[in-house]
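Okay, thanks for coming, everyone. Let me put the structure up and then walk you through it.

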Amino acid sequence: MRRMGSSQVWPSACRESRCYFPGISGAEHSPAPERLHRAVKEAARGLGREPDLVLLHNPEHSLTPGTDRSREALAEACTALASATSRGLCGAWGIATWNPTPLPPLVDASAPTPSTLMVRAGLLVGAGTLDAAEALMEAWGLGTGAMWGMSPFGGSTKAPVWARADARVFLRDGSGYSRAQAAFRMAYQLPNVSAVAVGTDEPAHLGELVGALTATPDEQAVAEYRMLLLNRPRTQSV
């Protein structure tokens, strides 16, 4: 449950706040403050201790872009989690969003600011999502150290795309690294994040990824890639 420092692998034991709750027609997503507060307390009971960090998962699922009510709902959710933190129910709180695009216009500068923002990261993330993640970071006034990445392989290192794409071209000296290592290292650049969440059942795989952190990205190649993404039709971005 420890937050790791700059350019580290994020431990999977940290707890995401449950935003899906039992509803009449099945599970429903909700950022309602009372539900979030209850979820944080349940997380502490389940872990046997207060979480170091609680993440509000995908608030965009319950928000309508550009509406005052959604702006208020996001501010209320942030206030509820900040209150839980101040009461000692968790060490810190943050936001994890799969699709940050609707969120920047909904940020209320007067509401509490998350300590961590987790977004999709890596070569499979489109220009629109990268731009939105950076806009959300700016809206909350967060530094790079507060930015964390997730899903660097889009679900699996065995996906066909990784047999076709060789991310080592984005490293200054990629000859000593595997394709998976290079793709993982690039997740720290797209967008700039300080930690990346990964999951594995094999400790050796995790060790391989940690070894990738010694690689040096080719900043010019990364900048050219961002420009290529920007020039693609937006319908092709994810």
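Before anything else, a definition: on a 1 Å grid over the protein atoms alone, a cavity is a set of points where a 1.4 Å probe fits but cannot get out, while a pocket is an open set with protein on both sides within 12 Å along at least five of seven lines, and lining residues have an atom within 4 Å of a point. Points on that grid are joined across faces, edges and corners, and a volume is the space filled by probe spheres set on the points. Rolling a water-sized probe over the atoms shows where empty space is left.

And the housekeeping: this is a predicted model, local features need pLDDT of at least 70, side-chain atom pairs count only at pLDDT 80 or more, and totals for chains, interfaces and linings use all residues. Residues are numbered from 1 along each chain as its sequence is written, and side-chain values use heavy atoms, with hydrogens and water left out.

So, how many cavities of 30 Å³ or more are there? The count is one, and the volume of the largest cavity is about 30 Å³. Its lining is made of Arg71, Leu74, Ala75, Cys78, Leu106, Val107, Asp108, Ala111, Pro112 and Trp140. That lining splits into eight nonpolar, no polar and two charged residues. Here Ala, Val, Leu, Ile, Met, Phe, Trp, Tyr, Cys and Pro count as nonpolar, Asp, Glu, Lys and Arg as charged, and the others, Gly among them, as polar.

Now the pocket side. The largest pocket comes out at about 440 Å³. It has 16 lining residues, and Phe153, Ser156, Thr157, Gly199 and Leu209 lie nearest its centre. Helix H6 gives the most to this lining, with three residues; helices (H or I, at least four residues) and strands (E, at least two) are DSSP runs numbered from the N terminus. By type, the pocket lining has six nonpolar, eight polar and two charged residues.

Stepping back to the whole chain: we have seven helices and nine strands. Of the 238 residues, 47% are buried, where buried means under 20% relative accessible area, exposed over 50%, and partly exposed in between (1.4 Å probe, protein chains only). Take contacts, meaning heavy atoms within 4.5 Å, between residues at least 6 apart in sequence: 72% of those join residues at least 24 apart.

Next, the inside. A nonpolar core is a set of buried Ala, Val, Leu, Ile, Met, Phe, Trp, Tyr and Cys residues joined through side-chain atoms within 4.5 Å. The largest one has 57 residues, and Leu117, Leu123, Trp140 and Phe184 have the most contacts inside it. Elements supplying at least two residues each include helix H1 (33-47), strand E5 (54-57), helix H3 (127-139) and helix H7 (219-231). H2 gives the most, with seven residues. There's also a second, separate core of nine residues, Leu55, Met118, Met150 and Ala195 among them.

A couple of individual spots. Ala182 sits in helix H5 (residues 179-186). Is Ala182 buried or exposed? Its relative accessible area is 0%, so Ala182 is buried. Leaving out residues up to four places away in sequence, Ala182 touches Ala167, Arg168 and Leu171. Leu171 turns up again with Thr216, which touches Leu171 and Arg172 under that sequence cut-off. Thr216 is in the loop between helix H6 (203-211) and H7, and at 40% relative accessible area Thr216 is partly exposed.

Most residues other than glycine have a negative phi, and most peptide bonds are trans. Which peptide bond is cis here? The one from Leu190 to Pro191, with omega near -5°; Pro191 is in the loop between H5 and strand E9 (195-197). Then Asn58 has a positive phi of about 50° without being a glycine. Asn58 is in the loop between E5 and H2, and with 6% relative accessibility it counts as buried. Ser151 also isn't a glycine, and its phi is positive at about 55°. Ser151 lies in the loop between E8 and helix H4 (161-164), and Ser151 counts as partly exposed, at 23% relative accessibility.

That's my tour, so over to you.
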